[in-house]
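Please keep the sequence and the model at hand while reading.

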Amino acid sequence: MKRFTCSIAIGLMAVCSAASAASVTATFDSDAEGFIADAQQLDHFAAGGNPGGFIRLTDNAPGASFLNFNNALVDALGVGGSIGFDARLVAENGNDVEQYGQITISNGTLSATADAVSVFPIENVWTTYSLDLDASVWGLSTSDFAALMDTATSIALLIESTDNISEIIDYDNVFVSVPEIPIPPAALLAGPALLGLIARKRKKQ
């Protein structure tokens with residue numbers, strides 16, 4: 001009897017989880033939320049963002065560098081959603097790097113890159129950039145992109161905005177947004193019936 005009851009409960013949990021949205025946003029209100037920047041200095045500020053807290057990247061080294069997203073955002077990836085961030089230019093030094101704003105999603109074997117930035121950040125003005133999580137945007141086949149969304153282990157944003165060191169750019173509201181999957185009508189009707197069946201089974205024990 002216990003095995004039967006558990007299987008029903010697991011089924012109900014699966015229905016509930018399928019109906020939940022996987023959207024995640026890093027607002028940086030308390031800290032850097034596990035984001036890591038290689039080759040650049042990362043500082044957290046509790047106020048002055050868009051709104052609330054934000055992180056500031058200061059270029060201290062030559063060559064390309066990346067902002068690595070936290071695991072919560074990686075786990076939230078899904079076909080049909082979107083990914084993006086808010087950015088604000090504080091100081092620049094040199095010529096614009098065309099590849100700035102490229103986002104790379106990888107699972108260690110398969111990867112895809114797309115450019116979220118067509119217009120560079122404006123000095124002292126927060127600007128939102130985003131990309132659809134669609135195979136055509138990322139240059140993969142539908143099946144490969146779906147597989148990448150299911151198995152991704154990293155998201156990296158190219159943050160080298162100019163070709164000299166010392167540029168400073170702020171980031172806030174880094175997000176992965178995936179549409180909520182609605183509960184099928186049949187599942188909604190089945191839920192109360194399954195719960196009732198569980199109750200009857202328990203009474204018989």
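## Basis of the report

This is a predicted model, in which local features need pLDDT of at least 70, side-chain atom pairs count only at pLDDT 80 or more, and totals for chains, interfaces and linings use all residues. Residues are numbered from 1 along each chain as its sequence is written, and side-chain values use heavy atoms, with hydrogens and water left out.

## The protein as a whole

The protein contains 5 helices and 11 strands. Helices (H or I, at least four residues) and strands (E, at least two) are DSSP runs, numbered from the N terminus. Of the 205 residues, 38% count as buried. Here, buried means under 20% relative accessible area, exposed means over 50%, and partly exposed lies in between (1.4 Å probe, protein chains only).

Among contacts with a separation of 6 or more, 75% are made by residues 24 or more positions apart. Contact means heavy atoms within 4.5 Å.

## Strand E4 and its partners

Two strands pair if DSSP finds at least two bridges between them. Strand E3 (residues 40-45) runs antiparallel to E4, and 6 bridges join the two. Within this arrangement, His44 stands opposite Ile55 in E4.

E4 also pairs with strand E11 (residues 168-177), in the antiparallel sense and over 4 bridges. In E11, Tyr171 is the bridge partner of Ile55. In a regular strand, side chains alternate between the two faces of the sheet.

## Strand E10 and its partners

Strand E10 (residues 154-158) is largely enclosed by the rest of the structure, because 4 of its 5 residues are buried. Strand E5 (residues 66-68) pairs with E10 in the antiparallel sense over 3 bridges. There, Asn68 stands opposite Ala156 in E10.

E7 and E10 likewise run antiparallel and are joined by 4 bridges. Opposite Leu157 in E10 stands Ile103.

Val74 lies in helix H2 (residues 71-76). Its relative accessibility is 5%, so Val74 counts as buried. Although Val74 and Thr153 are 79 residues apart in sequence, their C-alpha atoms are 6.4 Å apart in space. When neighbours within four places in sequence are left aside, Val74 is in contact with Ala152, Thr153, Ser154 and Ile155.

Ser82 is placed in strand E6. With a relative accessible area of 17%, Ser82 is buried. Leaving aside neighbours within four places in sequence, Ser82 is in contact with Leu131, Asp132, Leu133, Phe175, Val176 and Ser177.

## Aromatic pairs

How many aromatic pairs does the structure hold? There are 8. Rings of Phe, Tyr and Trp (its six-membered ring) pair if their centres lie within 6.5 Å; planes under 30 degrees apart count as stacked, over 60 as edge-to-face and the rest as tilted. Phe85 and Tyr129 form a tilted pair, with 5.5 Å from centre to centre and 35 degrees between the planes. Phe85 lies in strand E6 (residues 82-91) and Tyr129 in strand E9 (residues 127-132), so this pair ties together parts that are 44 residues apart in sequence. Both Phe85 and Tyr129 are buried.

The rings of Tyr100 and Phe120 also form a tilted pair, because their centres are 5.5 Å apart and their planes stand at 35 degrees. Tyr100 lies in the loop between E6 and strand E7 (102-106), while Phe120 lies in the loop between strand E8 (111-115) and E9, so the pair links distant parts of the chain, 20 residues apart. Tyr100 is buried, with a relative accessible area of 0%, whereas Phe120 counts as partly exposed at 21% relative accessibility. Elsewhere, ring pairs link Phe28, Phe35 and Phe69 into a cluster.

## Charges over rings

A charge sits over a ring if NZ of Lys or CZ of Arg is within 6 Å of the ring centre and within 35 degrees of the ring normal. The charged end of Arg56 sits over the ring of Phe45, 5.0 Å from its centre. Arg88 lies over the face of Phe54, at 5.2 Å from the ring centre.
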